Amino acid sequence: MFLWGLDLGGTKIEGAILNVDDNFRPIKRLRVPTEADKGYDHILGQIEKVVNMLASETGLRPSKIGIAHPGTLDPMTNTIKNANTTALNGRPFRDDLEKLLGTKVNLANDANCFAVAETIAGVVPDVLPTAEVVFGVIMGTGVGGGVVVNRKVINGRMGIGGEWGHNFLDESGGKCYCGQIGCVETIISGPATEKYYQKMTGEPLKLKEIVARAETGEAAAVATLDRLMHFFGKAIAVIINILDPDVIVIGGGVGNIDRLYTDGVAEAKKWIFNPRLDTIFVKPKLGDSAGVFGAGLL
């Protein structure tokens, strides 16, 4: 049995065909650029391109496809909302894809796909097989989250379960694309961290370069990461106080920063409603392919 999964990201679309009988091992994976700046119809075309390439190279055709995407399918209107790939918002994305591809499409938020993939086929069974509550974090271009309870994603009545990236954190983050001020995403996402460093130095650097400079002791880079740790701790403490998860899995480019698992966790400890912090914080096992695995599991 084969599962088809696609992960629609801000910069790339990854597609994979997973073999259920071989521990979900991909028999084929490939990527194409999203090119979201070219608009909604172009994004649809790029998804069709990935599906056709997978079919051509394997000789298989999907009876249904799971797709991880950067927004929420509104259960009342069947249109996309809250996507930072803003071309999707307000569009009947699933219906349009089903017409275009001629097959059934299941959609889920990319963070939800990430969370359920790491819970079922990723790192969680390795660190705590008995885990009941898992919170999957994506800290990259944006900040998202997914809640998994007893191996099932909690979507919620409005489809916004786990969306901690749009909780209020601090006004210094400025205006968010969602229309609010000071969202978590405006402070601890990759671009927000880069923006803060640039504001201090006038120099535009990528996050990896900022981390490298911090390791050499450069004051501005150290201050940038100190700020990131402080606000990560405050933001994730809210999740811990509400859900008290067994495991928190941190994905996305920002999640590769080792200090999150030491200094970031220490900052979280300051804000939780408990004298100690027992939550297990881990890096993902499936890497940046967790989204496409989770999509296949849909």
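Entry 1: I looked up the largest cavity and found a volume of about 30 Å³, volume being the space filled by probe spheres set on grid points joined across faces, edges and corners. A cavity is a set of points on a 1 Å grid over the protein atoms alone where a 1.4 Å probe fits but cannot get out. The model is predicted, with pLDDT of at least 70 needed for local features and 80 or more for side-chain atom pairs, while totals for chains, interfaces and linings use all residues. Residues are numbered from 1 along each chain as its sequence is written, and side-chain values use heavy atoms, without hydrogens and water.

I then noted the lining (residues with an atom within 4 Å of a point), which includes Ile187, Tyr196, Arg227 and Phe231. Helix α8 (219–243) gives the largest share, 4 residues. Helices here are DSSP runs of H or I with at least four residues.

**Entry 2: Glu118.** I located Glu118 in helix α3 (residues 110–120). The backbone nitrogen of Lys285, however, lies 3.1 Å from a polar atom of the Glu118 side chain. Leaving aside neighbours within four places in sequence, I listed the contacts of Glu118 (heavy atoms within 4.5 Å), among them Val123, Val249, Pro284 and Ala290.

Note on methods: Helices (H or I, at least four residues) and strands (E, at least two) are DSSP runs, numbered from the N terminus. A polar contact is a pair of N or O atoms within 3.5 Å; within protein, one must be able to donate a hydrogen and the other to accept it, and residues adjacent in sequence count only if both atoms are side-chain atoms. On a 1 Å grid over the protein atoms alone, a cavity is a set of points where a 1.4 Å probe fits but cannot get out, and a pocket is an open set with protein on both sides within 12 Å along at least five of seven lines; lining residues have an atom within 4 Å of a point.
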